[in-house]
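Q: Could you walk me through this structure, starting with how the helices pack?

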Amino acid sequence: MHPHPRTGRLFASPVPAGRGWPGDPARPATPAAGDAATVEQLAADARTLKQLDAQISVCRACPRLVQWREEVAEVKRRAFADQPYWGRPVPGWGAVNPRIFIVGLAPAAHGANRTGRVFTGDRSGDQLFASLYRVGLVNQPTSVDAADGLDTTAIRVSAPVRCAPPGNAPTPAERTTCAPWLAAEWRLVSRHVQVVVALGGFAWQVALSMLGESRRPKFGHNVLFEVRPGLALLGCYHPSQQNMFTGRLTPAMLDDVFGRADAMSARP
């Protein structure tokens, strides 16, 4: 066991449900899906985000992903060898009534799979939340761990795959198994959302399916697609380390997208 880097509380890796990890939505008795059919049933039955997040966080429906995420949590990266790893599926994060819904890809093996919060503890998250802070959508520019005080009343961040996949590449079957979680999350927040931001071409296609959209407009950075009056889909290059280092995506380009999303969505 190792101490949490902020709270100092001791945890095993992976972290068992309901042991006091910051932001852990689950309890020891939270039902864990063991196959695709149970994922679909639990997702359809979820009535609150808290219930949904708890069930997502203990899912064991994809054996390859379970094995990989837990192996990473045990072996770790040398830089984090003295820290506990979450090592479980990562639920969405953010406002209960968001006006902007951000769709990513999957947790990073040593990012969200370590910290337990989406886009937290890796280079992509550093870029994403710094931009969200600059345009006024979150309360601080950093996203380091699940107890760092990050907060928002405007956005929710989610992903179509909840476990860190080997090689950052989930299989088609794994994507299909995980899809009901995102569908349920969208069902629970959709009446508040005015802009969906898709981080990358894959997220763009996922978002179109999530929205029930049969049209297939082409993805591009800062490309806007009006789904219906009051709801738009906005494309953004993924803030990956490669995109940022090569200059394909810059901080100013990120700010343009999120500033546009902010301007398009009505403030309370």
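A: Helices H5 and H9 pack with their axes 9 Å apart, at an angle of about 55 degrees. Axes here are lines fitted to C-alpha atoms, for helices over the stretch in contact, and angles run from 0 to 180 degrees between N-to-C directions. Helices (H or I, at least four residues) and strands (E, at least two) are DSSP runs, numbered from the N terminus. This is a predicted model, in which local features need pLDDT of at least 70 and side-chain atom pairs count only at pLDDT 80 or more, while totals for chains, interfaces and linings use all residues. Residues are numbered from 1 along each chain as its sequence is written, and side-chain values use heavy atoms, with hydrogens and water left out.

Q: What do you call the orientation of H5 and H9 to each other?
A: H5 and H9 are oblique to each other, given that angles under 35 degrees count as roughly parallel, over 145 as roughly antiparallel, 65 to 115 as roughly perpendicular and the rest as oblique. The crossing of H5 and H9 is right-handed; a crossing is left-handed if the near helix is turned anticlockwise from the far one by less than a right angle, and right-handed if clockwise.

Q: And which residues meet there?
A: From H5, Gln127, Leu128, Ser131, Leu132 and Arg134 meet Pro251, Leu254, Asp255 and Phe258 of H9, where contact means heavy atoms within 4.5 Å. By class, that contact of H5 with H9 has five nonpolar, two polar and two charged residues. Ala, Val, Leu, Ile, Met, Phe, Trp, Tyr, Cys and Pro count as nonpolar, Asp, Glu, Lys and Arg as charged, and the others, Gly among them, as polar.

Q: How about H2, is that helix mostly covered or mostly open?
A: Helix H2 (residues 49-56) is mostly covered, with six of its eight residues buried, namely Leu49, Leu52, Asp53, Ala54, Gln55 and Ile56. Buried means under 20% relative accessible area, exposed over 50%, and partly exposed in between (1.4 Å probe, protein chains only).

Q: What covers the buried residues of H2?
A: The cover includes H1, S5 and helix H6 (172-189). The axes of H2 and H6 come within 10 Å and cross at roughly 165 degrees, and H2 and H6 are therefore roughly antiparallel to each other. Their crossing is left-handed. Leu49, Leu52, Gln55 and Ile56 in H2 meet Trp181, Ala184, Glu185, Leu188 and Val189 in H6, and by class this contact has seven nonpolar, one polar and one charged residues.

Q: Switching topic, how many salt bridges does the structure hold?
A: The structure holds 12 salt bridges, a salt bridge being a side-chain nitrogen of Lys or Arg within 4 Å of a carboxyl oxygen of Asp or Glu. Asp53, Arg156, Arg162 and Glu185 are linked in a network of them.

Q: Which residue pairs with aspartate 262, and where do the two sit?
A: Aspartate 262 forms a salt bridge with arginine 99, with the closest N and O atoms 2.9 Å apart. This pair links distant parts of the chain, 163 residues apart, since aspartate 262 is in helix H9 (residues 251-264) and arginine 99 is in the loop between strand S3 (93-94) and strand S4 (100-103). Aspartate 262 counts as buried at 10% relative accessibility, and arginine 99 is buried as well, at 7%.

Q: What about arginine 215 and glutamate 213, how far apart are the closest N and O atoms?
A: In the salt bridge between arginine 215 and glutamate 213, those atoms are 2.7 Å apart. Arginine 215 counts as partly exposed at 43% relative accessibility, whereas glutamate 213 is buried, with a relative accessible area of 10%.

Q: Last topic, where is the cis peptide bond?
A: A cis peptide bond joins serine 13 and proline 14, with omega about -5 degrees, and proline 14 is found in the loop between strand S2 (10-11) and helix H1 (36-45). Most residues other than glycine have a negative phi, and most peptide bonds are trans.

Q: Which phi value does lysine 76 have?
A: Lysine 76 has a positive phi, near 65 degrees, in a residue other than glycine. Lysine 76 is found in the loop between helix H3 (63-75) and S3, and is buried, with a relative accessible area of 13%.
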